[in-house]
Amino acid sequence: METGSRENAPLREAEPVWTALPPGLLRMRRMLLVVWLGIPALGLGLLFGLLAGPPWAAFALFPLALLVWGWVLTGRNWRSWRYAERADDLLISRGVMWRKVTVVPYGRMQLVEVTSGPVERHFGLASVQLHTAAAATDAAIPGLDPAEAERLRDRLTELGEARSAGL
């Protein structure tokens, strides 16, 4: 008998189909970065340059360096976020250095809500927040298109009700 036969091979679930976050989230986060670091750097450079002389305007380089560093890290962080809908659960993956994968079984979901603050609404984005019985497993998917967020909410609610009916 062959030791590596296919009958003895464990059944593996197909690889999940991952969905990346839309680029609107990256634009929003980078715009906030420019507002919080770029504008103050410009003001600091002008203030020091006019009051203390041009050499003192170099102090504005520190916030500009933080802006460039934040710009790169924001892009890396945005690329790390993704989610996948499987038959029995939802996967959410994120993180650059420390990857975190959250598995939320549909039957454990108690509440699925779509939120959108004023800045998110300005950029045409919404977030999906998942609440389960265990507070440690609460998960969120930020920066979705509002139509996709509502579709995901409706689908997850429907699957959650179907899976929890037997409890």
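**View 1. Leu130 stands opposite Ala139 in strand 7.** Strand 6 (residues 126-132) and strand 7 run antiparallel and are joined by four bridges. Here helices (H or I, at least four residues) and strands (E, at least two) are DSSP runs, numbered from the N terminus. Two strands pair if DSSP finds at least two bridges between them. As you explore, keep in mind that this is a predicted model, where local features need pLDDT of at least 70 and side-chain atom pairs count only at pLDDT 80 or more, while totals for chains, interfaces and linings use all residues. Residues are numbered from 1 along each chain as its sequence is written, and side-chain values use heavy atoms, with hydrogens and water left out.

**View 2. Three strands make an open sheet in the order 5-6-7, with antiparallel pairing.**

**View 3. Glu85 and Arg151 form a salt bridge, with their closest N and O atoms 2.8 Å apart.** This pair links distant parts of the chain: Glu85 belongs to strand 2 (residues 82-85) and Arg151 to helix 4 (residues 146-164), 66 residues apart. A salt bridge is a side-chain nitrogen of Lys or Arg within 4 Å of a carboxyl oxygen of Asp or Glu. Glu85 is partly exposed at 25% relative accessible area, and Arg151 is partly exposed at 35%. (Buried means under 20% relative accessible area, exposed over 50%, and partly exposed in between, using a 1.4 Å probe and protein chains only.) Look around this pair for a network of salt bridges that links Glu85, Glu148, Arg151 and Arg155.

**View 4. Asp89 and Arg86 meet through their side chains in a salt bridge (2.8 Å, N to O).** Asp89 counts as buried at 12% relative accessibility, whereas Arg86 counts as partly exposed at 22%. The structure holds five salt bridges.

**View 5. Arg94 lies in strand 3 (residues 89-94).** Is Arg94 buried or exposed? Arg94 is buried, with a relative accessible area of 18%. The Arg94 side chain makes a polar contact with the side chain of Thr102 (3.4 Å). Such a contact is a pair of N or O atoms within 3.5 Å; within protein, one must be able to donate a hydrogen and the other to accept it, and residues adjacent in sequence count only if both atoms are side-chain atoms.
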